[in-house]
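I opened my notebook to this model today and jotted down what I looked up, one topic at a time. Come along and follow with the structure in view.

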Amino acid sequence: DTEVTQTPKHLVMGMTNKKSLKCEQHMGHRAMYWYKQKAKKPPELMFVYSYEKLSINESVPSRFSPECPNSSLLNLHLHALQPEDSALYLCASSHQGQGVIDTQYFGPGTRLTVL
Amino acid sequence: QQQVKQSPQSLIVQKGGISIINCAYENTAFDYFPWYQQFPGKGPALLIAIRPDVSEKKEGRFTISFNKSAKQFSLHIMDSQPGDSATYFCAASMIMGNQFYFGTGTSLTVIP
């Protein structure tokens, strides 16, 4: 099973709203990622959690706040977003183990629209 | 600075033809090169991947060719089908690392 699930599939929010994106995997992976993807562009890395600790933060604005409650779950809390934050938000996970190829498996994404 | 360069940006191929997408990289520390296929509104799905100790890897109609000295690798799709119409991203990483560097993507259209 190489499934990463994300909820919700679609989200429309105003600039003053607070919402959260959720991601879950049950592959025993110890690294989880948030990416932002604009139309016709490659995914842009936002955050990486490794063994439930934030290991990479690609200078993302503080209106995006990640959280990793346990090794299977990853959240992205959103607050006071701007219209230019509208994008497809992708979650991915990888094994992150010794001697294992660290392939990333992506979820289907959450299509976010900020009005 | 784009760590992985991908071409062409778009590609139109007749059904049954061969689709070829090329990528080039500079960082010789990269040792893992996956290709992802993405349909509109979906997440990228791992298609095929290669390590630099082999020059070619084939899975069904999909083949990666790898040229370590030229720091280039390419995806060949044989007998292209309309269902292959999607955006393809190459990527590179260090095998024990957790940061992928994606190419800019190629939009493939296969005409029936």
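**Entry 1: the sheet in chain B.** I began with β1(B) and β3(B), which pair in the antiparallel sense over four bridges. For my own reference, two strands pair if DSSP finds at least two bridges between them, and strands are DSSP runs of E, at least two residues, numbered from the N terminus. I then picked B:V4 and found that its bridge partner in β3(B) is B:Y25.

Before going on, I noted that this is a predicted model, where local features need pLDDT of at least 70, side-chain atom pairs count only at pLDDT 80 or more, and totals for chains, interfaces and linings use all residues. Residues are numbered from 1 along each chain as its sequence is written, chains are lettered from A and ligands numbered from 1 in the order in which they are written, and side-chain values use heavy atoms, with hydrogens and water left out.

Back to the sheet: I read an open sheet of five strands in chain B, in the order β1-β3-β8-β7-β6 with antiparallel pairing. β1 (4-7) and β6 of chain B are at the edges with a single partner strand each, so one side of each has no neighbour in the sheet. I noted an average twist of 15° from one strand to the next; the axes here are lines fitted to C-alpha atoms, and angles run from 0 to 180 degrees between N-to-C directions.

**Entry 2: the sheet in chain A.** Here I found four strands in an open sheet, ordered β1-β3-β8-β7, again with antiparallel pairing. Its edges are β1 (4-7) and β7 (64-70) of chain A; each has a single partner strand, so one side of each is left without a neighbour in the sheet. Neighbouring strands are turned by 20° against each other on average, direction ignored. I also checked how β1(A) meets strand β3 (residues 18-25) of chain A: four bridges join them, and they run antiparallel. A:Q6 has A:C23 as its bridge partner in β3(A).

**Entry 3: a look at A:N75.** This residue is in strand β8 (residues 73-79) of chain A. Is A:N75 buried or exposed? With 8% relative accessibility, A:N75 counts as buried (buried means under 20% relative accessible area, exposed over 50%, partly exposed in between, with a 1.4 Å probe and protein chains only). Leaving aside neighbours within four places in sequence, I listed its contacts (heavy atoms within 4.5 Å), among them A:L21, A:W34 and A:P66.

**Entry 4: aromatic rings.** I counted 20 aromatic pairs over all chains. Rings of Phe, Tyr and Trp (its six-membered ring) pair if their centres lie within 6.5 Å; planes under 30 degrees apart count as stacked, over 60 as edge-to-face and the rest as tilted. A:Y35 and A:F106 have ring centres 5.2 Å apart and planes at 45°, so I wrote this pair down as tilted. A:Y35 is in strand β4 (residues 31-37) of chain A and A:F106 in strand β10 (residues 105-106) of chain A, so the pair ties together parts 71 residues apart in sequence. Both A:Y35 and A:F106 are buried.

B:F33 is at 0% relative accessibility and counts as buried, and B:F73 counts as buried at 2%. I also found one aromatic cluster formed by A:Y33, A:Y35, A:F106, B:Y32, B:Y36, B:F89, B:F100 and B:F102.

**Entry 5: where the chains meet.** The contact takes 29 residues from chain A and 19 residues from chain B. The area buried between them is about 1700 Å², and carbon and sulfur atoms give 58% of it; buried area is the accessible area (1.4 Å probe) that two parts lose on being put together, summed over both. How many salt bridges lie between chain A and chain B? The count is zero.

**Entry 6: salt bridges.** Over all chains, the structure holds six, a salt bridge being a side-chain nitrogen of Lys or Arg within 4 Å of a carboxyl oxygen of Asp or Glu. I looked at B:R61 and B:D84, whose closest N and O atoms are 2.8 Å apart. B:R61 counts as partly exposed at 27% relative accessibility, whereas B:D84 is buried at 5%.
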